[in-house]
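Come along while I look things up one at a time.

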Amino acid sequence: MAPRLLQNFNGGRAHIVTSSLTAVEALEKTLGKLGVATVYPALVDGRAQIDLAALQPERDILFIDGDLDNPVALDTDAGAHHPPVPVIGLVGVEAPSRLKHLVQIGASAFLRKPVQGGAVYTALFLGINQFLLRGDLRARLDDMDRRRRGRRAVVKAIIARMTEAGVDDDEAYEWLRRESMRSRQTLEAYCEAFVTARAGPLDEPVQFRPAEPSAGKR
């Protein structure tokens with residue numbers, strides 16, 4: 001089930017990363033009306049001094065100025081991780097490289113500078129809820145990948161059960177399913193443990209010794 005859309009942002013905390021405070025005056029005022037506190041992280045050489053790992057996804061929101069060259073301490077190369085909180089881009093210069101950079105650091109909504117108060121709620125709604133939907137989709141994909149990899153263990157466990165108990169594949173599967181429920185594990189996790197417990201004796205190599213010569217032979 002997809003996460004419920006969030007519509008009330010009271011109690012939130014916005015970290016506004018920008019060097020142009022006059023461009024975000026309306027943003028701070030409107031966030032205050034919505035019950036969202038505002039923080040301005042200090043900038044050193046254009047980079048915000050903020051511990052991204054300490055941010056709380058259920059509370060914090062990042063507003064990042066796309067006109068800054070290196071606004072947060074993130075590696076935006078392919079495969080890099082996004083901040084653990086919703087990111088809303090502040091757009092001044094609409095150059096493709098600037099917009100691409102905001103997308104690479106996880107922006108899921110945008111506000112034009114100077115910010116107009118009437119656009120803030122929409123950006124918050126889109127940015128936060130898109131962040132929640134992305135996280136839900138990522139969790140679903142991870143679960144599907146885990147189950148796909150677990151299918152191999154299920155097949156091995158069925159074969160092992162068929163061999164041990166002399167039953168057909170349907171009976172073996174039902175037995176494994178019942179045992180996994182009894183142990184309060186997923187079928188894949190139980191089958192993996194079931195196969196691992198039998199891997200030692202099954203996988204031990206057979207040791208062959210050369211035949212001893214007959215008594216009458218030299």
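These entries go from the whole chain down to single residues.

**Entry 1: the model.** I noted first that this is a predicted model, and I keep that in mind on every page.

**Entry 2: the overall layout.** I looked up the secondary structure and found five helices and seven strands in the chain. Reading from the N terminus, I wrote the order down as β-α-β-β-β-β-β-α-β-α-α-α.

Entry 3: How much of the chain counts as buried? I found 33% of its 218 residues in that group. The accessible surface of the chain is about 14,000 Å², and carbon and sulfur atoms hold 54% of that surface.

**Entry 4: contacts along the sequence.** I took the contacts between residues at least 6 apart in sequence and asked what share joins residues at least 24 apart. The share is 63%.

**Entry 5: Asn129.** I picked a residue in helix α3, which covers residues 120-165. Is Asn129 buried or exposed? Its relative accessible area is 4%, so Asn129 is buried, the cut-off for buried being under 20%. I then checked where its side chain goes: it reaches the backbone oxygen of Phe125 at 2.8 Å. Leaving aside residues up to four places away in sequence, I listed Arg4, Leu5, Leu6 and Leu124 as the residues that Asn129 touches.

**Entry 6: a cis peptide bond.** Next I turned to the loop between β7 (107-112) and α3, where Pro114 is found. Which residue does a cis peptide bond join to Pro114? The partner is Lys113, and omega of this bond is about -10°.

**Entry 7: Asp45.** I went on to the loop between β3 (43-44) and β4 (47-48), which holds Asp45. Phi of Asp45 is near 55°, and I marked this as a positive value in a residue other than glycine. The relative accessible area of Asp45 is 79%, so I put Asp45 down as exposed, since exposed means over 50%.

**Entry 8: Arg184.** My last stop was the loop between α4 (169-182) and α5 (187-203), where Arg184 lies. What is phi of Arg184? The value is near 60°, which is positive in a residue other than glycine. Arg184 is exposed because its relative accessible area is 80%.

**Entry 9: a look back.** I leave the page with Asn129 marked as buried, Asp45 as exposed and Arg184 as exposed.

Definitions and conventions: Residues numbered from 1 in each chain as written. Predicted model: local features only at pLDDT ≥ 70, side-chain atom pairs only at ≥ 80, totals over all residues. Heavy atoms only, no water. Helix = DSSP H or I, 4+ residues; strand = E, 2+ residues; numbered from the N terminus. Buried < 20%, exposed > 50% of the residue type's maximum accessible area, 1.4 Å probe, protein only. Polar contact = N/O pair within 3.5 Å; in protein donor to acceptor, adjacent residues only side chain to side chain. Contact = heavy atoms within 4.5 Å. Areas by Shrake-Rupley, 256 points an atom, 1.4 Å probe, with all protein chains shown as cover.
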